[in-house]
Amino acid sequence: MSPHQVSRLVVPRSGRGVWLVSLSAAAMAFLAVFALALSVSAARLAQNWAAALAQTATVRVSAPPEEMSEQTAIVLEVLRTTPGIASAREMTDDEQADLLEAWLGPDLPLDALPLPRLIDVTETPEGPDRQGLRLRLSAEAPGAVYDDHTRWRRPLAEGAARMRQLANLSLVLIGAVMAAIIMLAASASLASNAQVISVLRLVGAQDRFIARAFVWRMTLRATLGAAAGTALGAVAIFALPDPADASSVLSGLGFQGSGWLLPLALPVVAAVLAWVSAKATAFGVLRGVT
Amino acid sequence: MIAFQNVAHDYGGGPLFRDATLKLETGSFHFLTGPSGAGKSTFLKLCYGELIPSEGTVSLLGQDMNAMSRDELARTRQKIGIVHQDCQFLDHLTVEQNVALPLSVTGRPVSGDNLADLLAWVGLSGQARSLPPTLSGGERQRTALARAIIASPEVLLADEPTGNLDWDMSQRLMSLMIELNRMGTAVLIATHDLNLIRFVKTQVPTRVLRIARGEVQTAGAEL
């Protein structure tokens, strides 16, 4: 047998750290799948929101009822002749009613209210000279306001970025907690196997051989635990309500397409983390033993 | 082989012994005697580097132990066979796996035939697959001896190796050590059993070291 194979035999399989490492790695990996999904989803949401809002604008025309049609026609003409505007369309009464229904309810007599007229504008990728357009509109249709959605888009983008930062921070914290647990478990395992260390020292085993025996065991347990936790987490994410079928807060949280491969990295990361933290702990403890 | 130069050791309550200067030559056979608590086990631990002397230097196989790195100390221990009084083993491994440890932890090949011969030599052929907790005191001592000598050590250090054995088993174990010594291994045995020393002295040239009143003295003429 090679020293590697022997090192796997010399530490007893039983011990206090056996379930601690596997269970904590499983729990941490389970949580990490959600944090990873949140991070990926936040990035996707930000991208979707940006794409949906980036090339759209709305012109709100406020005018007395008798001037509304004329003002609207002027605004549409200004928009039609403005470079950077791909299209402009006056929203129908039903469309406006649909927009307001979410806020005011379905039973409100919208016909009786002096509502502004809304014009849905699509910009070209280059976009118009917004400052110049606003000046033209204020000159030709004083009641028209060009809204390029910046005040909506910025908080959404900032919110998505903050959500992603939090998700990434969660991943880092999960990794740190897992490393700490593995270090504690490795210390406990080394302490409870003092006789094993003593015997190995007696027969001339070097520190790296003794450390390898413990590090291999810790790494294996952490990897298996993380693999189980990752699988459970992926199943849980998969089982979340479909965004198309539900309006839950968690709707849209998850992976898409090749994104489902991302959780596969978690057991690998857990293995590396376990290997590094267990090795550092083992050598630290062994340095204190003659 | 082993050299002490002005060695003293103190656990904090005054020195167990001081100013010990002596040499154990290649192929020699030494006993270490003294009353309980005199420092026999401490002396042995100084010999293989489990303890660092409070004063002086201990050299093993030509190297100053104080100056050895941890890896150098481990490599040096690979040339020493050590038999503890309490015979610690890896209890989840079989007798033959325990005996083969000094070779397997250093990547040296373990010959099945040699291992079987060694176990037969110490009378443990029938216990090769047994676990250490199932062994009797004598079997544990012989297992420890087999483990200590499987790597053909240049030095064999034994701390009360017959402490739990009857006279017949003690003689048998001593005969194994005498045979080993005749093959060139230096042997140092800590014991307070004078009959055992007399038994060995009739078969091989032996010197006796005695720890008494804080000094390590050469004795033997009176034994």
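Author: A salt bridge is a side-chain nitrogen of Lys or Arg within 4 Å of a carboxyl oxygen of Asp or Glu. The model here is predicted.

Reader: Are R89(A) and E95(A) buried, exposed or partly exposed, and why?

Author: R89(A) counts as partly exposed because its relative accessibility is 38%. E95(A) has a relative accessible area of 27%, so E95(A) is partly exposed too.

Reader: Which parts of chain A does the pair R134(A) and D148(A) tie together?

Author: Start with the pair itself. R134(A) and D148(A) meet through their side chains in a salt bridge, 3.9 Å from N to O. R134(A) lies in helix α5 (residues 130–140) of chain A, and D148(A) lies in the loop between β4 (144–147) and α6 (150–192), so the pair ties together parts that are 14 residues apart in sequence. R134(A) is partly exposed, at 32% relative accessibility. D148(A) is buried, with a relative accessible area of 10%.

Reader: Which residues are linked with R134(A) and D148(A) in a network of salt bridges?

Author: E123(A) and R130(A) are linked with them in that network.

Reader: What does a salt bridge between chains look like here, with R70(B) and D207(A)?

Author: The side chains of R70(B) and D207(A) meet in a salt bridge of 2.7 Å, N to O. The pair crosses between chains: R70(B) is in helix α2 (residues 70–77) of chain B, and D207(A) is in helix α8 (residues 207–238) of chain A. R70(B) is partly exposed, with a relative accessible area of 32%. D207(A) is buried, at 8%.

Reader: Now the surface. Which residues gather in a patch of negative charge?

Author: Residues in a patch have no salt bridge. Here D94(A), D98(A), E101(A) and D107(A) gather in a patch of negative charge on the surface. Take D94(A). It is found in helix α4 (residues 93–104) of chain A. D94(A) counts as exposed because its relative accessibility is 59%.

Reader: Which residues form a nonpolar patch on the surface?

Author: W103(A), L104(A), L108(A) and L113(A) form it, and together they have about 450 Å² of accessible area. L108(A) sits in the loop between α4 and β3 (117–123) of chain A. At 37% relative accessibility, L108(A) is partly exposed.

Reader: How should I read a buried residue, such as A32(A)?

Author: Buried means under 20% relative accessible area. A32(A) has 5%, so it is buried. Its place is in helix α2 (residues 17–54) of chain A. Next, look at its contacts. Beyond neighbours within four places in sequence, A32(A) is in contact with L171(A), I174(A) and L266(A).

Reader: How far apart are A32(A) and A270(A) in sequence and in space?

Author: They are 238 residues apart in sequence, and 10 Å apart in space, C-alpha to C-alpha.

Reader: And in chain B, why does N98(B) count as buried?

Author: N98(B) counts as buried because its relative accessibility is 0%. N98(B) is in helix α3 (residues 95–99) of chain B. Leaving aside neighbours within four places in sequence, N98(B) is in contact with F89(B), L90(B), L93(B), P132(B) and R147(B).

Note on methods:
Residues are numbered from 1 along each chain as its sequence is written. Chains are lettered from A and ligands numbered from 1 in the order in which they are written. This is a predicted model: local features need pLDDT of at least 70, side-chain atom pairs count only at pLDDT 80 or more; totals for chains, interfaces and linings use all residues. Side-chain values use heavy atoms; hydrogens and water are left out. Helices (H or I, at least four residues) and strands (E, at least two) are DSSP runs, numbered from the N terminus. Buried means under 20% relative accessible area, exposed over 50%, partly exposed in between (1.4 Å probe, protein chains only). Contact means heavy atoms within 4.5 Å. Patches are made of residues with over 30% relative accessible area and no salt bridge: like charges are joined within 9 Å, nonpolar side chains (Val, Leu, Ile, Met, Phe, Trp, Tyr) within 5 Å. Accessible areas come from the Shrake-Rupley method with a 1.4 Å probe; for residues, only the protein chains shown count as cover. Lys and Arg count as positive and Asp and Glu as negative; His and the chain ends are not counted. The place of a charge is taken as NZ of Lys, CZ of Arg, CG of Asp or CD of Glu.
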